[in-house]
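Open the model in your viewer and keep the sequence panel beside it. The stops below say what to select and what is there.

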Amino acid sequence: MYGQDAVYTGCGGTIPFMGMLGERFPRTQFFITGVLGPHSNAHGPNEFLDIEYAKKLTACVSLVLADHARTLG
């Protein structure tokens with residue numbers, strides 16, 4: 001409505017890009033993550049990153065990679 005403050009929103013290109021990669025490489029597994037926090041605007045004004053959440057996500061990704069490496073050996 002008129003007279004309201006502006007609302008910011010982000011729109012990334014990763015999701016459509018991953019769809020195209022999936023079509024091109026159908027036997028490939030992809031591991032996609034994100035670390036946006038409350039009140040975030042992806043790739044926009046005042047983009048927010050919750051550091052504690054990012055640390056936890058990094059630990060999870062490292063566990064996934066370590067488990068995958070064990071399956072290869």
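A residue is called exposed here when its relative accessible area is over 50%, buried when that area is under 20%, and partly exposed in between. Threonine 58 has a relative accessible area of 53%, so it is exposed. Bear in mind throughout that this is a predicted model.

**Whole chain**

Show the protein as a cartoon. Helix 1 covers 14-24 and helix 2 covers 51-72, with a loop between them. How much of the protein is made up of buried residues? Of its 73 residues, 8% are buried.

**Threonine 58**

Select threonine 58, which is found in helix 2. Its side chain reaches the backbone oxygen of alanine 54, at 2.8 Å.

Side chains of opposite charge can pair when their charged atoms come close. How many salt bridges does the model contain? The count is two.

For one of them, select lysine 55 and glutamate 52, whose side chains form a salt bridge at 3.4 Å, N to O. These residues, lysine 55 and glutamate 52, are three residues apart in helix 2, so about one helical turn separates them. Lysine 55 counts as exposed because its relative accessibility, 53%, is over 50%. Glutamate 52 is at 47% relative accessibility and counts as partly exposed.

Then move to arginine 70 and aspartate 67. Their side chains meet in a salt bridge with an N to O distance of 2.4 Å. Both arginine 70 and aspartate 67 belong to helix 2, where they sit three residues apart, about one turn of the helix. Is arginine 70 buried or exposed? Arginine 70 has a relative accessibility of 59% and counts as exposed. Aspartate 67, with 40%, counts as partly exposed.

**The nonpolar patch**

Select Phe25, Phe30 and Ile32 and colour their surface. Together these residues form a nonpolar surface patch with about 280 Å² of accessible area. Phenylalanine 30 is located in the loop between helix 1 and helix 2. Its relative accessible area is 36%, which lies between 20% and 50%, so phenylalanine 30 is partly exposed.

**Around the rings**

Which part of phenylalanine 25 does arginine 24 lie over? Arginine 24 lies over the face of phenylalanine 25, at 5.1 Å from the ring centre. If you go on to look for aromatic pairs in the model, the count is zero.

Notes:
Residues numbered from 1 in each chain as written. Predicted model: local features only at pLDDT ≥ 70, side-chain atom pairs only at ≥ 80, totals over all residues. Heavy atoms only, no water. Patch = residues over 30% accessible without salt bridge, like charges linked within 9 Å, V, L, I, M, F, W, Y side chains within 5 Å. Areas by Shrake-Rupley, 256 points an atom, 1.4 Å probe, with all protein chains shown as cover. Salt bridge = Lys/Arg side-chain N within 4 Å of Asp/Glu carboxyl O. Helix = DSSP H or I, 4+ residues; strand = E, 2+ residues; numbered from the N terminus. Buried < 20%, exposed > 50% of the residue type's maximum accessible area, 1.4 Å probe, protein only. Phe/Tyr/Trp six-rings, centres within 6.5 Å; stacked < 30°, edge-to-face > 60°. Lys NZ or Arg CZ within 6 Å of the ring centre and 35° of its normal. Polar contact = N/O pair within 3.5 Å; in protein donor to acceptor, adjacent residues only side chain to side chain.
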